[in-house]
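This briefing is meant for a reader who is meeting the structure for the first time. Please keep the sequence and the model in view while reading, and turn to each topic in the order given.

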Amino acid sequence: MTPHLSPSSSVRPRDPAHPLAVAVIGAGAIGGAVAESLVDGAVPGARLITVLRSSSTQDEVAAAIEAADVLVEAAGVEVAEELIPRITRAGKDVIVCSCGVFARHDNPRDIVAGGAGRVLVPAGAVGGLDVLAAAARAGTDEAALRHFTIKSPAALGVHGPLGTPREVFRGSAREAALEFPRTSNASVALALATIGLDRVEVIVVADPEVERTRHVVEWESPVGRYDMRFENAMDPDSGGRTSAITAWSVAEVLSAVAAGAGPGVVVVSAARPVETT
């Protein structure tokens with residue numbers, strides 16, 4: 001029994017006279033780039049109020065949650081596990097980049113902890129969540145989704161000489177997120193939008209010649225068959241683990257929230273009904 005979480009077609013409307021107040025949690029490759037995009041004015045209708053780091057005090061965290069309209073988590077699954085319930089209980093929305101946190105819970109909605117706030121999952125390194133979610137809504141009993149991720153050996157923690165591409169993992173999106181929590185965010189987003197963490201098949205390949213991270217998404221069900229391929233430049237500050245497009249995916253979600261629309265985002269909310277298969 002798996003919840004089907006679909007991309008949101010609408011979010012809370014914003015008053016254009018009051019820009020969306022954004023707090024970023026984490027100052028690494030994703031968090032730093034998101035903060036920079038806000039400072040540079042690349043996200044109309046949104047402004048950066050603070051960046052929380054590992055050295056931030058509990059008082060600073062509490063102040064950020066109180067002051068922000070939405071928070072961006074880009075600090076890892078442990079931080080996401082700790083802060084998501086606090087943020088949603090405060091009635092605030094949080095954009096979660098460390099999607100591996102959902103693999104720790106049988107029902108991804110459990111982490112919302114009954115709060116009024118929502119958890120927003122950006123599409124990140126892959127696209128097509130809209131059509132895949134629509135296909136899943138049409139029926140999932142006979143649906144199958146396979147996600148290939150091809151990255152450099154270093155990004156996957158594969159050491160030693162490797163002359164040719166090697167498959168280093170095959171399993172469910174949940175298992176992939178637990179084994180590769182920093183490199184499986186796209187798999188989790190796909191799973192949450194479609195047939196669930198335990199039914200999406202993930203194949204991870206280490207390729208010593210890879211110059212861009214590659215994703216191949218294959219969907220088949222009675223409603224249609226879709227093959228999507230993505231090649232993303234790597235963020236130079238991520239050690240090859242993160243696609244450069246990821247931070248801009250977060251910026252796009254922030255822009256959509258500020259504008260009162262919600263393309264390209266998965267909403268995890270205790271208030272939304274759970275669909276089962």
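The model described here is a predicted one, and local features are reported from it where pLDDT is at least 70. The points below begin with this helix and then pass to the nonpolar cores, the aromatic pair, the pockets and the cavities.

**Helix H2**

- The buried residues of H2 include Val-61, Ala-64 and Ile-65, and because these cover an arc of only 100 degrees around the axis, they are on the same side of H2.
- Although Ala-62 and Arg-86 are 24 residues apart in sequence, the distance between them in space, C-alpha to C-alpha, is 9.0 Å.

**Nonpolar cores**

- The largest nonpolar core has 55 residues, and those that touch the most other members are Ile-84, Val-101, Phe-102, Val-119 and Trp-219.
- Helix H6 contributes 7 residues to this core, which is the largest share.
- Another core, of 23 residues, lies apart from the largest one, and among its members are Leu-20, Ala-35, Val-70 and Val-72.

**The aromatic pair**

- How many aromatic pairs does a search of the whole structure find? The search finds 1, and this pair is formed by the rings of Phe-169 and Phe-180, whose centres are 5.9 Å apart.
- The planes of the two rings stand at 85 degrees, so the pair of Phe-169 and Phe-180 is edge-to-face, given that planes over 60 degrees apart count in this way.
- Phe-169 belongs to strand S7 (residues 166-172), while Phe-180 sits in the loop between helix H5 (173-179) and helix H6 (185-193), so the pair ties together parts that are 11 residues apart in sequence.
- Both partners fall under the 20% limit for buried residues, since Phe-169 has a relative accessibility of 8% and Phe-180 has a relative accessible area of 11%.

**The largest pocket**

- The largest pocket has a volume of about 360 Å³, and of the 19 residues that line it, Ile-30, Ala-74, Gly-76, Arg-182 and Thr-242 are the closest to its centre.
- Helix H1 (residues 29-39) supplies 3 residues of the lining of the largest pocket, which is the largest share.
- Sorted by class, the lining of the largest pocket holds 8 nonpolar, 8 polar and 3 charged residues.

**The second largest pocket**

- The second largest pocket has a volume of about 260 Å³, and 15 residues line it, of which Ile-25, Arg-53, Ser-54, Ala-75 and Val-79 are the closest to its centre.
- Helix H2 (58-67), described above, and helix H3 (77-89) each supply at least two residues of the lining of the second largest pocket, and the largest share, 3 residues, comes from H3.
- The lining of the second largest pocket is made up of 8 nonpolar, 5 polar and 2 charged residues.

**The cavities**

- A search of the whole structure also finds 2 cavities of 30 Å³ or more, and the largest cavity has a volume of about 210 Å³.
- Of the 20 residues that line the largest cavity, Gly-124, Ala-125, Asn-185, Ala-186 and Thr-246 are the closest to its centre.
- Helix H6 and strand S9 (213-221) each supply at least two residues of the lining of the largest cavity, and H6 gives the most, with 3 residues.
- In the lining of the largest cavity there are 8 nonpolar, 9 polar and 3 charged residues.
- Which residues line the second largest cavity? The lining consists of Thr-149, Leu-156, Ala-176, Thr-183, Ser-184, Ser-187, Val-202 and Val-204, and the volume of the second largest cavity is about 40 Å³.
- The lining of the second largest cavity divides into 4 nonpolar and 4 polar residues, with no charged residue.

Notes. Residues are numbered from 1 along each chain as its sequence is written. This is a predicted model: local features need pLDDT of at least 70, side-chain atom pairs count only at pLDDT 80 or more; totals for chains, interfaces and linings use all residues. Side-chain values use heavy atoms; hydrogens and water are left out. On a 1 Å grid over the protein atoms alone, a cavity is a set of points where a 1.4 Å probe fits but cannot get out, and a pocket is an open set with protein on both sides within 12 Å along at least five of seven lines; lining residues have an atom within 4 Å of a point. Grid points are joined across faces, edges and corners, and a volume is the space filled by probe spheres set on the points. Helices (H or I, at least four residues) and strands (E, at least two) are DSSP runs, numbered from the N terminus. Ala, Val, Leu, Ile, Met, Phe, Trp, Tyr, Cys and Pro count as nonpolar, Asp, Glu, Lys and Arg as charged, and the others, Gly among them, as polar. Rings of Phe, Tyr and Trp (its six-membered ring) pair if their centres lie within 6.5 Å; planes under 30 degrees apart count as stacked, over 60 as edge-to-face and the rest as tilted. Buried means under 20% relative accessible area, exposed over 50%, partly exposed in between (1.4 Å probe, protein chains only). A nonpolar core is a set of buried Ala, Val, Leu, Ile, Met, Phe, Trp, Tyr and Cys residues joined through side-chain atoms within 4.5 Å. The arc is that of the directions from the helix axis to the C-beta atoms.
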